[in-house]
Amino acid sequence: MLRVENASFEVKKGRKKLVILDDVSFSVKPGELVVITGPNGSGKSTLAKIIAGVEMLSNGKIILNEQDVSTKDCTERARMGIAYSLQAPVHFKGLTVRDLLQIASTSGETFCGENLAEVNGLLEKVGLDSGQYLDREINSSLSGGELKRIEIASVIARNASFTIFDEPEAGIDIWSFNNLIKVFKDMRKNSSEHAIVIISHQERIMQLADRIIVLKDGKVALDGKSEKVLAAMGDVK
Amino acid sequence: MMDLDKIERDLMREVSGVTEIPEGAYNFRVNGKSIGRHSSDRIDIIPKHGKSGIDIRIANDTRGEIAHIPVIISASGLKEAVYNDFYIGDNCEVTIIAGCGIYNCGADDSIHDGIHTFYVGKNSTVYYIEKHCGIGPGAGKILNPTTKLFLGEGSRAELLMEQIKGVDSARRLTEAELKKDAQVMIKERLFTHGKQLAESKIVAHLLGDNSSVDIVSRAVAQDYSVQNFSSHIIGKAKCRGHSECDAIIMDNARVNAEPALDAQDVDAELIHEAAIGKIASDQLMKLMTLGLSRRQAEAQIINGFLK
């Protein structure tokens, strides 16, 4: 499904080179749910951006379904089946929730019939009432938690073969958190072909995982079955 | 509908939504002449003598009526100044749908100066919708709208003014005088491209206690186009004024925003906000990760912004 091979990412800070990701390799199989965790600054969000094509690798490869997508931009990767949920949702002046979900689910076709029901269902999944939210602008009039849930809905709407969530629980209240867990469980149940990667610090999300990868200082510190990694995590910290 | 060719019909629909003879009062002005006029029981439309234009007289207590007064110019080189005066009684709630579309395929500029003056009585609400657009490969499509409002006590006006596309040059003046408890909301949407020039000047005189004005201008300037926006709120009583100018600048365009406030009463509360910037990169990125190309993402963002 997805392989990250010897991925490195460096940025220049003044005259110095800062290594954010250092020779990271792992793979995700169809049907798998993998959680990536690790301390702040370990390179998790950068890894998500690199997989989505928002940032380009300095070295290494990203292979999606046996195709090297390392040089493809984020549009192409999205069209090839990668979905990416941002840690910090974006504000739009004028675009409504309906517009965003429409773009995400139908590449711009108009909602009608089944489609509309599907969209209502999407908002319900993330705990939002569609009647109340569909025509709201995606701007600062919405709370952080609402924006985050809309962000997650926009990514579920894509029904992509590979989805990466960057800290989906950030800013979400406990009720929505329970919904969120259900969202991930449903995503798994609905398809044995689709793979999910979740960047998270939450134990309850880690418990959903088949595998957990721990990043530290831009390197893979641990990669294994969730119970083993959970047990061993104390040592890495 | 009427005696219009396809281009004229399309323009008519674009600027006023009219596809067939509407109910109620209307005046259709095409190439300098009225090609259809109708008064309703409560809205009288009377042509002016000695100069171009109409008087629209709306009786007291008229509620829920719509008057359509669109203008189409398809004759290249036509230049006109049209004076439309609206006399709106007390306790009314009416909608005026104006708008002008120019098709120019010739070598000479086509110019429409529409001067609309509203005299609004007490406790009335007026919705005014004005869309402008230009099409055709010919010379200038020039629109210079002036909208003046005199709002009586307790009256309210909502103005939606849009310049959709294709207008080569526009000098807009919108001016309002508000008495006690009167309110005006002005929403402006400007889109310029190519080498177009658009100027918009909005002046609000808040004369009576508890009067208020809210100006929201959103603009997109593409290519080499130039936009000049100014708002001037003058508070002479216990009043509230707010002006918000938000512009997206692209390519080699230029946007100049000059909001001004003039408080002449200690209880005048006046605020202005102005922001100009390019399309935010995180907005583009989000839409591109949903599978849109950069171009498609830009178009979605602009459409949403100007909606």
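Modeller: Please note first that this model is predicted. A:Val35 has A:Ile198, in S8(A), as its bridge partner.

Colleague: How many bridges join strand S3 to strand S8 of chain A?

Modeller: Strands of a sheet pair through backbone hydrogen bonds, in a parallel or an antiparallel manner. In the present case, strand S3 (residues 33-37) and strand S8 (residues 195-199) of chain A run parallel and are joined by 4 bridges. Helix H7 (residues 174-190) of chain A packs on the sheet, where it touches S3 and S8 of chain A. The direction of H7 makes about 160° with that of S8(A).

Colleague: What is the order of the strands in the open sheet of chain A?

Modeller: The order of its 6 strands is S6-S7-S8-S3-S9-S10, and the pairing is mixed. Strand S6 (82-85) and strand S10 (219-225) of chain A stand at the edges; each has a single partner strand, so one side of each is without a neighbour in the sheet. From one strand to the next, the twist averages 15°.

Colleague: Which residues touch the most other members of the largest nonpolar core?

Modeller: That core has 147 residues, and those touching the most other members are A:Ala153, B:Ile96, B:Leu151, B:Ala157 and B:Val184. Helix H6 (residues 144-156) of chain A supplies the largest share, 6 residues. Beyond its neighbours within four places in sequence, A:Ala153 is in contact with A:Leu101, A:Leu122, A:Leu123, A:Lys125 and A:Val126.

Colleague: Which helix gives the most to the side of chain B that touches chain A?

Modeller: In total, 18 residues of chain B are in contact with 19 residues of chain A. H2(B) gives the most to that side of chain B, with 6 residues.

Methods:
Residues are numbered from 1 along each chain as its sequence is written. Chains are lettered from A and ligands numbered from 1 in the order in which they are written. This is a predicted model: local features need pLDDT of at least 70, side-chain atom pairs count only at pLDDT 80 or more; totals for chains, interfaces and linings use all residues. A nonpolar core is a set of buried Ala, Val, Leu, Ile, Met, Phe, Trp, Tyr and Cys residues joined through C-beta atoms within 7 Å. A residue is buried if 20 or more other C-beta atoms lie within 10 Å of its own, exposed if 12 or fewer, and partly exposed in between; C-beta atoms are placed from the backbone. Helices (H or I, at least four residues) and strands (E, at least two) are DSSP runs, numbered from the N terminus. Two residues are in contact if their C-beta atoms, placed from the backbone, lie within 7 Å. Two strands pair if DSSP finds at least two bridges between them. Axes are lines fitted to C-alpha atoms, for helices over the stretch in contact, and angles run from 0 to 180 degrees between N-to-C directions.
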